[in-house]
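Trainee: I would like a close look at one part of this assembly. Please take me through the contact between two of the chains.

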12 protein chains.
Amino acid sequence: MSDHVYKLIEIVGSSPNSIEDAIQNAVTRAGQSIRNLRWFQVIETRGHIDNGKVAHYQVTLKIGFTLESGDKVS
Amino acid sequence: MSDHVYKLIEIVGSSPNSIEDAIQNAVTRAGQSIRNLRWFQVIETRGHIDNGKVAHYQVTLKIGFTLESGDKVS
Amino acid sequence: MSDHVYKLIEIVGSSPNSIEDAIQNAVTRAGQSIRNLRWFQVIETRGHIDNGKVAHYQVTLKIGFTLESGDKVS
Amino acid sequence: MSDHVYKLIEIVGSSPNSIEDAIQNAVTRAGQSIRNLRWFQVIETRGHIDNGKVAHYQVTLKIGFTLESGDKVS
Amino acid sequence: MSDHVYKLIEIVGSSPNSIEDAIQNAVTRAGQSIRNLRWFQVIETRGHIDNGKVAHYQVTLKIGFTLESGDKVS
Amino acid sequence: MSDHVYKLIEIVGSSPNSIEDAIQNAVTRAGQSIRNLRWFQVIETRGHIDNGKVAHYQVTLKIGFTLESGDKVS
Amino acid sequence: MSDHVYKLIEIVGSSPNSIEDAIQNAVTRAGQSIRNLRWFQVIETRGHIDNGKVAHYQVTLKIGFTLESGDKVS
Amino acid sequence: MSDHVYKLIEIVGSSPNSIEDAIQNAVTRAGQSIRNLRWFQVIETRGHIDNGKVAHYQVTLKIGFTLESGDKVS
Amino acid sequence: MSDHVYKLIEIVGSSPNSIEDAIQNAVTRAGQSIRNLRWFQVIETRGHIDNGKVAHYQVTLKIGFTLESGDKVS
Amino acid sequence: MSDHVYKLIEIVGSSPNSIEDAIQNAVTRAGQSIRNLRWFQVIETRGHIDNGKVAHYQVTLKIGFTLESGDKVS
Amino acid sequence: MSDHVYKLIEIVGSSPNSIEDAIQNAVTRAGQSIRNLRWFQVIETRGHIDNGKVAHYQVTLKIGFTLESGDKVS
Amino acid sequence: MSDHVYKLIEIVGSSPNSIEDAIQNAVTRAGQSIRNLRWFQVIETRGHIDNGKVAHYQVTLKIGFTLESGDKVS
């Protein structure tokens, strides 16, 4: 187990509701084509403002996943 | 559109409820005297503790807005 | 009052629900043995992913508290 | 001279042509309402991409200017 | 009290005497047109050298103040 | 629109002519296999020196693009 | 040669033995599906502790490689 | 001597007089319960403003001390 | 498991032999009085030089451990 | 070749024309007394403003060069 | 004047009295062999502790000076 | 002793074997023309990859040494 290799990718998720929803949206999208997602780290939290209100949150994440034996890295 | 100029100001919003409310409070306050608020970036998240509980969240934001032709910068 | 001395400790709180709950869990735990907690600063927000969903948030905080006359620092 | 006080503001300039033009556009705009601009520091260089080409550069600057005796700070 | 909104501005103060005097000069200047200054954070300490001696210290501060109900933000 | 998910990749472009050309070369190359490139951020500017002259500029960019429904992330 | 374009990916390698082995494990894994690996930069060094001993080192690397004419970026 | 182990703690000292006094106050307080204080590093310099004057300086320090054979770490 | 709370402490380990030995020395020392050490992060690598040779490596670590129900935090 | 030793020096170049010219001016000046300049990294981009225009760009570079067998380091 | 080239060197000054004295000691020492010292920037402030008191301050500075036509860079 | 002045230089050492050897190679080279080397700090760890293997490690160090009374600084 101690020789595992992981890859980190950087994804920006958005949500009109909350920071947590923006994070979950990014994780859900990454999970559609990557098995074995393991952890995330928040890199930046931003958002758009429309008519003096927060229109949506944009959270940039690094998401780490285990590289399995057949996985191609690119 | 590609020659737009924006100004960034730094505002700290507070809320006893959530990080999102603290952000919205800062945005609302800035919107009272600035037209065309466009985006925010979270710079720091802090808070006060009272009797072992989070009393309120304090979120420092940079808020960007479009400078229009008549706007004074200072 | 202006000669107060504070200590900062670094604590990681977790919660399956929200970033705010992870912060409160860290603060609650620190408050069990430290009097006079005063403020926190968020250092890092991470989390674990399980089956393509955020399993829990992990928030690293610095928590500041007043050192009183009898308190031992170590 | 050694007791001068300066203010720093943060401005984002844009240009479809070059980083230098984006900087100059920000400086020109600030100079419309501020006397005595003195220096700038580049904080961030970004840009928009349209149809696989750089559509415009966006450069975030801090711009410093001398506060004169009658100037209001806010 | 927990819904307060603050603004941060960036000011550079100078003094031939000491870092503390440079800080106080910046604070004094900001206080001439802003009520309710609350705190400062030192961002950078620099200075000019003349004939092999420190001619003056230049300290860049962020200064925070409470936005009151009538205050304009810009 | 507020639920968009973006991916960020890191690309180094080079050019013997200018920083802008190095940026455009990186963007052009990424655009050959990615639709919907949206923005870039300059991470680092370096270069090689040959015979006391700048031989070429190397600019490291983060490039953001919209993930569309069929896109695979890896 | 001065118009080369490179891609940077972020990989975490592990080893129970040494930091160098953790780096080599990450490089070896990336080399299984990428030609023309050129350089790495260490981003972070961490590790797991088991029974008071370092169980394994985990080193996060950025690895740079030349994009060749047929390579797909994603 | 080359196998020494040190612990670093983070302390905030305050003083109405000077940055140096704020540092010394933090060091003095730490020295009441820790033997073998060895060095400090300034992490942040802040302060409170009252009626347009610096009311007190607050300096955050990391303070390093030698762990001796009987010392408990926690 | 998702409500775990961890504490991070900062320790400097030294060794004349290698960076890995300096890390292990810090971990071993922390483990003498703390149960449940979980992970470390390297914060800084320095060293002393004597007669033109590296006399010993000094590695500053953050070490994380699980706070159990009876543990006192201070 | 893998045992090469390099020295990095920090030089600020200026130019009224462009960032690239400021970089080249710094490199040219360093090349007058150093053989084997190899690469540069941009550390900071600043400039002076005169009458509301950019008077000149100032770019701080680290410049790396190979230390040859007879070179004195100081 | 806008084509000036400057060199930056990094010097650590010490003083048992104050941060300002430590800065001045570093500047004085650099001025013994360098003409045209122009400015300094504080990079880090540390110090040694002896018997629970600050024994001396150590301030790391970058010091900038004008390269004149005959000056050798190395 | 508390008035010592130190200079810091930045050196990159390489080795095909280990990070420690790359550090020692840099220190050895600096020691050929500088007396009184005192300490080093690792600034960056990189390396070249050849045929999918680490060809050599490159470690950038700051090396500090005592300036003695006759030493020229430049």
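Mentor: What follows is a walk across the interface of chain F and chain G. Keep in mind that this is a predicted model.

Start with the extent. On one side, 19 residues of chain F take part, and they are in contact with 16 residues of chain G. Together the two chains bury about 1400 Å². Carbon and sulfur atoms give 53% of that area. Three residues stand out on the chain F side: F:Glu10, F:Val12 and F:Arg29. They supply 42% of the area that chain F buries against chain G, more than any other three residues.

The side chain of F:Glu10 makes it with the side chain of G:Lys62, at 2.8 Å from N to O.

Elements of chain F that give two or more residues to the side touching chain G are β1 (6–15), α1 (19–31) and β3 (53–66). Of these, β1(F) gives the most, with eight residues.

By class, the side of chain F that touches chain G holds seven nonpolar, nine polar and three charged residues.

Terms used
Residues are numbered from 1 along each chain as its sequence is written. Chains are lettered from A and ligands numbered from 1 in the order in which they are written. This is a predicted model: local features need pLDDT of at least 70, side-chain atom pairs count only at pLDDT 80 or more; totals for chains, interfaces and linings use all residues. Side-chain values use heavy atoms; hydrogens and water are left out. Contact means heavy atoms within 4.5 Å. Buried area is the accessible area (1.4 Å probe) that two parts lose on being put together, summed over both. A salt bridge is a side-chain nitrogen of Lys or Arg within 4 Å of a carboxyl oxygen of Asp or Glu. Helices (H or I, at least four residues) and strands (E, at least two) are DSSP runs, numbered from the N terminus. Ala, Val, Leu, Ile, Met, Phe, Trp, Tyr, Cys and Pro count as nonpolar, Asp, Glu, Lys and Arg as charged, and the others, Gly among them, as polar.
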